[in-house]
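Here is a short note to read beside the coordinates. Please keep the structure open while going through the points.

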Amino acid sequence: MAASRAPRLVAGYDGSPESRRAVAVAARRAGRRGTVWVVHAHPSPPGLYDVVDGERWRAEHADRAQSLLNTLLLTGDAELLDTNYHAELREGSAAAGLLAAAREHDADEIVVGSRGLGSVRALLGSVSHELLATADRPVLVIPAGALTAAAGAPNSAAEAS
């Protein structure tokens with residue numbers, strides 16, 4: 001019998017507790033054999049910027065984004081250390097960056113956190129909402145309530161897909 005492919009997941013990370021939880025869930029789902037690509041998107045320069053200002057904009061945002069990823073990797077959950085992981089910066093919208101990374105790495109699923117702010121769109125979050133509408137693979141959305149309900153409880157119902 002042929003061995004199955006090791007899990008491949010993309011997790012969105014923006015520095016929020018919800019995104020940190022999404023990374024931890026992705027790492028747990030990938031396990032020791034799998035790989036997680038932790039993706040952080042930073043904005044493109046506004047359209048009216050000239051080339052010099054646009055490059056400065058990109059450099060500043062890329063530096064801040066890289067610092068954010070470094071902080072996660074240095075102080076991240078132990079689960080991340082139990083799997084293969086890569087950190088990536090993407091310019092542009094978060095949803096487009098996550099979907100592009102998932103396609104490039106042939107990911108099995110995309111994992112994101114949701115802040116749950118109230119309205120239907122905000123309940124899922126604009127990134128998770130856009131991913132659910134456009135993704136060509138499963139999207140696992142970790143709700144804000146999972147931060148407290150699933151704290152210390154691996155394999156909780158909040159993490160099931």
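This is a predicted model: local features need pLDDT of at least 70, side-chain atom pairs count only at pLDDT 80 or more; totals for chains, interfaces and linings use all residues.

The points below go from the sheet to one arginine.

1. Sheet order. Five strands make up an open sheet, ordered β3-β2-β1-β4-β5, with parallel pairing. β3 (84–91) and β5 (139–142) are the edge strands; each has a single partner strand, so one side of each lacks a neighbour in the sheet. From one strand to the next, the twist averages 25°.

2. Pairing around β4. Strand β1 (residues 8–12) runs parallel to strand β4 (residues 109–113), and three bridges join them. In this pair, alanine 11 sits opposite valine 111. On the β5 side, β4 pairs over four bridges, again in the parallel sense. There, glycine 113 faces isoleucine 142 of β5.

3. Side chains of β5. Side chains in a regular strand alternate between the two faces of the sheet. In β5, Val139 and Val141 point one way, Leu140 and Ile142 the other. All four are buried.

4. Helix α6 (residues 126–134) packs here, touching β4 and β5. Its direction makes about 160° with that of β5.

5. Arginine 137. Is this residue, arginine 137, buried or exposed? Arginine 137 lies in the loop between α6 and β5. Its relative accessibility is 17%, so arginine 137 counts as buried, the cut-off being under 20%. Its side chain reaches the backbone oxygen of alanine 107 at 2.6 Å. A second polar contact, of 3.0 Å, links its side chain to that of aspartate 136. Beyond four places away in sequence, arginine 137 touches residues including Ala102, Arg103, Asp106 and Glu109.

Technical notes. Residues are numbered from 1 along each chain as its sequence is written. Side-chain values use heavy atoms; hydrogens and water are left out. Two strands pair if DSSP finds at least two bridges between them. Helices (H or I, at least four residues) and strands (E, at least two) are DSSP runs, numbered from the N terminus. Axes are lines fitted to C-alpha atoms, for helices over the stretch in contact, and angles run from 0 to 180 degrees between N-to-C directions. Contact means heavy atoms within 4.5 Å. Buried means under 20% relative accessible area, exposed over 50%, partly exposed in between (1.4 Å probe, protein chains only). A polar contact is a pair of N or O atoms within 3.5 Å; within protein, one must be able to donate a hydrogen and the other to accept it, and residues adjacent in sequence count only if both atoms are side-chain atoms.
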